[in-house]
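Biologist: I have a new protein on my screen and would like to learn how to read it. Could you walk me through it, please?

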Amino acid sequence: MKISINYIIGVILLGFFSQAAAQQIPVMNHYIYNPYLYNPARAGQENATKINFHFKKQWVSMPESPITGILGVDARIPGTDMGVGAMFYMDQMHIINRIGGMASYAYHIPLSKKIPHNLSFGISVGFIHQRFNFEQATVSNPSDPQLLQNESEGVAFDFSGGFNYNIHGLNLGF
């Protein structure tokens with residue numbers, strides 16, 4: 001029985017991605033203006049310090065509508081191929097309140113001086129504090145023991161990584 005290399009690679013990739021876990025992060029459509037929001041490898045990619053503030057309030061006329069705010073800073077370390085960044089966010093969705101922050105480091109490898117293209121790698125570490133306020137919930141059974149806790153909260157640590165390939169302003173990242 002002959003097994004192709006593509007089959008083996010496919011099984012390995014399927015096993016790798018089937019074990020992946022993630023959490024819900026605030027969804028913003030500002031990735032065009034601030035690509036560091038989604039990929040730590042983009043921290044300090046440009047030779048300028050960038051400070052971004054994003055605010056979104058959905059369904060303005062409805063009570064308890066979702067609110068999201070993000071403050072991000074990223075910059076290139078002068079005289080190096082390294083970048084750093086930090087981001088803090090607040091995400092409020094009715095009874096769920098989430099606050100988080102992260103710090104990032106990126107390394108940019110210039111691949112050629114004739115053709116402007118580079119490969120970047122980045123990592124981020126941070127925290128997420130999530131709180132459920134059951135007092136504000138609309139429920140059919142107010143004597144449910146799960147709701148009698150009044151508030152439930154927890155802190156989790158977050159780690160993410162990414163890479164980015166840039167050629168003539170086109171960015172391919174993961």
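**Reading the model step by step**

Modeller: Gladly! Strand β1 makes the biggest contribution to the nonpolar patch, giving 3 residues. Keep in mind throughout that this is a predicted model.

Biologist: Which residues make up that nonpolar surface patch?

Modeller: Ile 51, Phe 53, Phe 55, Leu 71, Val 73, Phe 88, Met 90, Ile 99, Phe 127, Val 155 and Phe 157 form it, and the patch covers about 1200 Å². Two or more of its residues come from each of β1, β2 (67-76), β3 (82-93) and β6 (151-167).

Biologist: Take Phe 53 as an example. Is Phe 53 buried or exposed?

Modeller: Phe 53, found in strand β1, has a relative accessible area of 60%. It counts as exposed because that value is over 50%.

Biologist: Let me step back, then. How many helices and strands does the protein have?

Modeller: There is 1 helix, and there are 7 strands.

Biologist: Where is His 129, and what does it touch?

Modeller: His 129 sits in strand β5 (residues 117-133). Apart from neighbours within four places in sequence, His 129 is in contact with Asn 97, Arg 98, Ile 99, Glu 153, Gly 154 and Val 155. With Glu 153 there is also a polar contact of 2.7 Å between the side chains. His 129 is partly exposed, at 22% relative accessible area.

Biologist: Now for charges. What is the general idea of a salt bridge?

Modeller: When their charged atoms come close, side chains of opposite charge can pair. This structure holds 3 salt bridges.

Biologist: Which residues form them?

Modeller: One joins Arg 98 to Asp 91, with the closest N and O atoms 3.2 Å apart, and both of these residues are buried. Another links Arg 76 with Asp 81, where the closest N and O atoms are 3.9 Å apart. Here Arg 76 is buried at 19% relative accessibility, while Asp 81 is partly exposed at 31%. Then there is Glu 46 with Lys 50, again with 3.9 Å between the closest N and O atoms. Glu 46 is partly exposed at 45%, whereas Lys 50 is buried at 16%.

Biologist: What about the loops? Where does Asn 39 lie?

Modeller: Asn 39 belongs to the loop between α1 (5-18) and β1 (50-57). Even in that loop, Asn 39 is buried, with a relative accessible area of 9%. Its contacts beyond four places in sequence are Gly 162, Phe 163, Asn 164, Gly 173 and Phe 174.

Biologist: And what does the side chain of Asn 39 have beside it?

Modeller: A polar atom of that side chain lies 3.0 Å from the backbone nitrogen of Ala 41.

Notes
Residues numbered from 1 in each chain as written. Predicted model: local features only at pLDDT ≥ 70, side-chain atom pairs only at ≥ 80, totals over all residues. Heavy atoms only, no water. Salt bridge = Lys/Arg side-chain N within 4 Å of Asp/Glu carboxyl O. Buried < 20%, exposed > 50% of the residue type's maximum accessible area, 1.4 Å probe, protein only. Helix = DSSP H or I, 4+ residues; strand = E, 2+ residues; numbered from the N terminus. Polar contact = N/O pair within 3.5 Å; in protein donor to acceptor, adjacent residues only side chain to side chain. Contact = heavy atoms within 4.5 Å. Patch = residues over 30% accessible without salt bridge, like charges linked within 9 Å, V, L, I, M, F, W, Y side chains within 5 Å. Areas by Shrake-Rupley, 256 points an atom, 1.4 Å probe, with all protein chains shown as cover.
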